[in-house]
Amino acid sequence: MPAGDIDFTVQTLGKRTVTSPLAPLLEARRTSAHTVEEGDRILFDDTLSSFERREEGHLPSLEAAGPRQKIFFDPSKTRVGIVTCGGLCPGINNVIRALVSELTTHYGVRRIHGFRSGYQGFIPEYGHDVVDLTLESVDGIAAQGGTILGSSRGQQDIGQVVDCLERMGISTLFVIGGDGSMRGAQAIAAEVGRRDRPIGVVGVPKTIDNDIPFLDQSFGFQTAFSEATRSIRSAKVEARSAPGGVSVVKLMGRHSGFIACYAALAQNDADFVLIPEVPFVLDGPGGFLECLRRRVDTQGHALVVAAEGAGQELFTEADAEGGLVDASGNKRLQDVGRLLRQKITEDFAAHGRELNLRYIDPSYVIRSVPANPYDSVYCTRLAHAAVHAAMAGRTNMVVGRWRRRFVHIPIELAVGTRNRVDPNGDLWWSVLEATGQPVSFGEESESIEVPAFGGQ
Ligand code: F6P
């Protein structure tokens, strides 16, 4: 959909009549190039040609995040809920901690409840307790990976979730979760709307896959790919230390290969990167297996980094085990790591070649670590933006950073599409340059192979 047709309007619960406790601070604040006034929207486009293509006077833009002078909720009467859902991601505890500290310290909110184990936490039959979140209880949690509240995948009965919010007198619910959880948050906001209740739902989108649209980057992604570089480094050492050494590293990345691309670029040891966005051919002239053999010939060893969602086109539906989708509604993937191991082994044997194959799958290791300093800062600032939005009565939205500015994004947009590596974009081109792998595998392959670097 062209950006001009996208509706960036953020829903609001009503008129803002309460003076924010932050108002004196805001008045004292001097403006700078990096401070965005409330009415100053963030442009969607960032190239001259996109501006020129727009109809005059129609420039799509996003609402700026940040504190407002007037807010919707009276902080002294506000009760807040926080829930964390879906798979783990570095930085969730940083977000929880910063939500609690901003709500408590700056706004003076006194009641903050953590719901346990994702959306299960709202449903009576699970019997999960509710945790009171205070400055003391969140002290030091950012040093731990995971989430202190626990998490789960899958939707729950939305009517029961909203019943629980009403029973507990919650005014604002913060949902930290991925696209499935955000669809849940959207459904909660819709049900609240149907009941005409003043309950806000604000999301902080989370995924190591970096596949959420309208965000420069998702939190935890940088930590995750940084952690993945350790596996790539080890895989390189293993590969070059044995005759016919081939290492395969499988990294998370269901539909988007950002982790594989960034980790490979960061460590710069990979000879091949395989991602879901770029289908590949295994056999035949110019196929992946032939290119791999050639690389081992010239270099003495080779290192392959594969995103878990790569090569799904090489499987048939009959290969699917354990159902087609998981509890979050995500397609269950076939194991590309297993396929590569099997095919590489068979291929080297068929060509009478010595092979020392090492396979490393650090999957959960890269997402269960604490956030690195960059992500810690990012999480803290996203949480602050989420609190300001919620106190101002914004709802059915997530916070994000777009072109270095913090913005409000309607949930509908955040779950409507997926951020993916563009096979024609400059990130993928950098990967091709760094690895020297062909633009595509197979007979049609157009090679930009760089000269061999000499075996180490
Ligand atoms: O959140 C995304 C993700 O990390 C994917 O990269 C991965 O496929 C998935 O989660 C695995 O999560 P789980 O095994 O917890 O369902």
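I began with the spacing of the domains: the centres of domain 1 and domain 2, taken over C-alpha atoms, are separated by 35 Å. A reminder to myself that this is a predicted model.

Next I looked up which residues belong where. Domain 1 covers 3-218 + 371-414, while domain 2 covers 224-368 + 422-435.

Then I turned to the interface. I found 16 residues of domain 1 in contact with 16 residues of domain 2. Between them, the two domains bury about 1,200 Å², and carbon and sulfur atoms account for 49% of that area. Which residues of domain 1 lose the most area to domain 2? I noted R153, I208 and D209, which together make up 44% of what the domain 1 side buries.

My second stop was a pair of helices, α7 (residues 258-267) and α12 (residues 426-435). Their axes lie 10 Å apart and the helices pack at an angle of about 45°. Angles of 65 to 115 degrees would count as roughly perpendicular and those under 35 as roughly parallel, so I logged α7 as oblique to α12. I also wrote down the handedness: the crossing of α7 and α12 is left-handed.

Which residues make this contact? From α7 I listed F258, C261, Y262 and L265; from α12 I listed L427, W428, S430, V431 and A434. Sorting the contact of α7 with α12 by class, I got 8 nonpolar residues, 1 polar residue and no charged ones.

Notes. Residues are numbered from 1 along each chain as its sequence is written. This is a predicted model: local features need pLDDT of at least 70, side-chain atom pairs count only at pLDDT 80 or more; totals for chains, interfaces and linings use all residues. Side-chain values use heavy atoms; hydrogens and water are left out. Axes are lines fitted to C-alpha atoms, for helices over the stretch in contact, and angles run from 0 to 180 degrees between N-to-C directions. Helices (H or I, at least four residues) and strands (E, at least two) are DSSP runs, numbered from the N terminus. Angles under 35 degrees count as roughly parallel, over 145 as roughly antiparallel, 65 to 115 as roughly perpendicular and the rest as oblique. A crossing is left-handed if the near helix is turned anticlockwise from the far one by less than a right angle, and right-handed if clockwise. Contact means heavy atoms within 4.5 Å. Ala, Val, Leu, Ile, Met, Phe, Trp, Tyr, Cys and Pro count as nonpolar, Asp, Glu, Lys and Arg as charged, and the others, Gly among them, as polar. Domain bounds come from an automatic or database domain assignment. Buried area is the accessible area (1.4 Å probe) that two parts lose on being put together, summed over both.
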